[in-house]
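This report covers a helix pair and an open sheet. The sequence and structure come next.

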Amino acid sequence: MAYISLYRKYRPQRFADVVGQEHVVQTLQNSLAAGRIANGYLFCGTRGVAKTTIARIFAKCLNCVGPDGVLNAPVAEPCNECVPCRTISAGQCVDVIEMDAASNRSVNDMARIRENVQFGPMENRYKTFIVDEAHQLSADAKDAFLKTLEEPPQGVIFILATTESHAIPITIASRCQQFDFKRGSLTTISSQVEKVVGYEGVTMAQDAVGLIARAAEGSYRDALSLLEQVLAFKRENVTARDVTDVIGSLDGQVIDDVVDAVAQSDAARAFVVAERIFTDGKDTRQFIKTLASRFRDLLYIRVGARVAGESDVLGDVALLESQARRFEPGKLLRMMEILADAERETKFVTQHRLLLEVTLLRLMDLPGSAPAAQESIPVSVPASASASASTQRTGAVPRPARAPAHPSPAAPPMTRTPSTPSASPVADAPSPRAPSPQPLGDQEGLPDQVEFLRSHWQNVINQMQSRSPSGVRVISDARPIRQDGATIALAFHNKAFVDMLENPKRRQFVEDVINKVLRAEPGTYKVKGVLSDSGAGEQTASQSAPPPPKPPEAFVQRTMEDGSPLRDEVIEIFGGRIIEEQQS
C-alpha cells in the first residue's frame, strides 16, 4: 500500500474531529439541521486551518443518505459509510468539483464552470464547487464568476476558500456567508501533535512537541508535516535537540546565551553567538524569528498575561521568569521592534552575518552609544522652571530627575550640588504616566512631550503615511531625543534626512503631524533635525557639514502632469524647476 502523509492520514472526516474551529462547525451544523442552505460560502483564514477539510465535510453532509441509504435530506454529521460519503472522501464524486484558482484563474476557466453549472447534480442532491485560493482569480475571472454566483441554478453550492480575504471583491463576498477561521493556538496544536504521536506509537518529549507546535505558526497541517519530517529522522525517544537538528530551529541553549548577553550588554558575546549561528549553518531569519519569540514569551510573563494551558508549552517557566525579571516591559517591546525590523531586512540584504551582529548590538545598552548620549543631553530650560510650569498646568507634583544610567563621554559633564537638584537633565527625568497633551495657546513653559512622542511614534508614522507617503521613510528614521522650549529635536541616522528637514515645506508637514498626535494647536511645537552621532547634538548637520551638491536644474523634467503631488515632492526635495521640452 502506498505511503500516505500524516496530514492526509489524520485529516478530519467528521465535524466532531475538527478542532479549533468550533464557531464555524456549530453554525454550519445548525444551518444543515434547519435546512437553510446558502448558495455561496466564503472560508477565510491562514494556511492549514481546515478550510478545504470543512468544505469536504460540508459537501458530505449535503449528500449523505445514511448507512441504509434512506435519508432524503442533509444531515448535521456525515455517516462516512454511504456511497456519497465514501466517494467524496476519496475525491471521486462527480458532483463535488474541486479546483485550484492558482492554476485555473482565467476567464476561460470560469466559462467552463458556467457551462458545467447549467447541468444539475448527476448522482447526489447537490453539486458543490470548492474553489481553493479564490483570491488568485484574475479580475476578469472574478467578474465572470459573479454572474454565476448571483443567480445559481437549483442544487448548486459554491464554497470559496482563501488566505487573503481582502482580495475578494465585495460584490462576491456580499453574496456569500463568510466564515473567518482561527489560527491554531500552541495548546491546541500541541494537543493534536500528541494525539498523532500516540497513534503512531512514538515516544516524544514534551518540549519537543512544543517546538513543533511553535514552528507550525498556527497551522495544523504544517505541524503534522514537521512531525513527519522529525519521525523520518528518529522514532524513539525524540528529544528537543532532535527536533532542532531536523527542522532547523535554534537550540534553546543558544537563545538563553543571547538573552544573557543582551541583559549584560556583553558585546563580545554577540560576535561569538553570530559566529556560532553561521558555523552551525542556521538560517539568519529563522534565528531572528526564534529570538523575537523568546522576547515575546518574556514580555508575556513580565506583564503577568497568563493564559490557562499556554504556559505548558512555553518551556521551562521558572527559567523564563528569571530571564523576564532582568528586563523592563518597555525594553522588551523595543527589542521586539528591533528584531521585526531586522527580519524584514533579511529579504533585502546579502550580508546576513553583519546584519545579525549589528542587530544583537542594537539590542544592548552599550556604554557610550549614540542613543544613550542623546537621551542624557540637557535642555536649555531649567528643570525647576519646566517642573513648575507643568505643576501649574496639570496640578501634578513633579518627580525628581534621575541621572542617566550610562553617561556618554560625548556629552559635557554634569555638575550638581545638593542645593540645586534641578540641574540634572530633564530629558532623562521620568514623565507622568499616560500623558494627555492639551492644546496650548502660548509658547511659555510647554510640558516635555518627548517620552509621549517616543511611545506614540508609530502613530506619527501612520499620520505621515496619509499626508506624504514619500516622507514616511524620513520620519521612520527619526527619534525624538529632547525638547527645548517649543522645539523638539529629532535625531536621524541619515544625514540626507536631516537636510530634507531644512526644507520649510517638509518641516511643516512633520510639525503638523506631531502637533496633531500631541493634540496641540497647529504651530505649537516646532521641530529641528540633528544627527544621531553629532556629539552633544546641538548642531544640525547642515551647520556641521557642507550640504550635498544639488543635481542640475534640468534634472526634473516635465514628465508628469501639472499639479502631480509626486512631481511637486521631487522638485521640493531635489531643488529642481520645471523646464520646457526642447523642440526639434
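## Helix pair

A crossing counts as right-handed if the near helix is turned clockwise from the far one by less than a right angle, and as left-handed if anticlockwise. Helices (H or I, at least four residues) and strands (E, at least two) are DSSP runs, numbered from the N terminus. The model is predicted: local features need pLDDT of at least 70, side-chain atom pairs count only at pLDDT 80 or more, and totals for chains, interfaces and linings use all residues. Residues are numbered from 1 along each chain as its sequence is written, and side-chain values use heavy atoms, with hydrogens and water left out.

H5 passes H6 in a right-handed crossing. On the H5 side, Val 107, Met 110, Arg 114 and Val 117 make the contact (heavy atoms within 4.5 Å). H6 contributes Asp 140, Ala 141, Ala 144, Phe 145, Lys 147 and Thr 148.

## Open sheet

Strands of a sheet pair through backbone hydrogen bonds, either parallel or antiparallel. Here three strands form an open sheet in the order S6-S7-S8, with mixed pairing; two strands pair if DSSP finds at least two bridges between them. Strands S6 (478-484) and S8 (526-531) stand at the edges with a single partner strand each, so one side of each has no neighbour in the sheet.

S7 (residues 487-492) runs parallel to S8, and six bridges join them. Leu 490 has Gly 529 in S8 as its bridge partner. Helix H24 (residues 504-517) packs on the sheet and touches S7 and S8. The direction of H24 makes about 115° with that of S8, where axes are lines fitted to C-alpha atoms, for helices over the stretch in contact, and angles run from 0 to 180 degrees between N-to-C directions.
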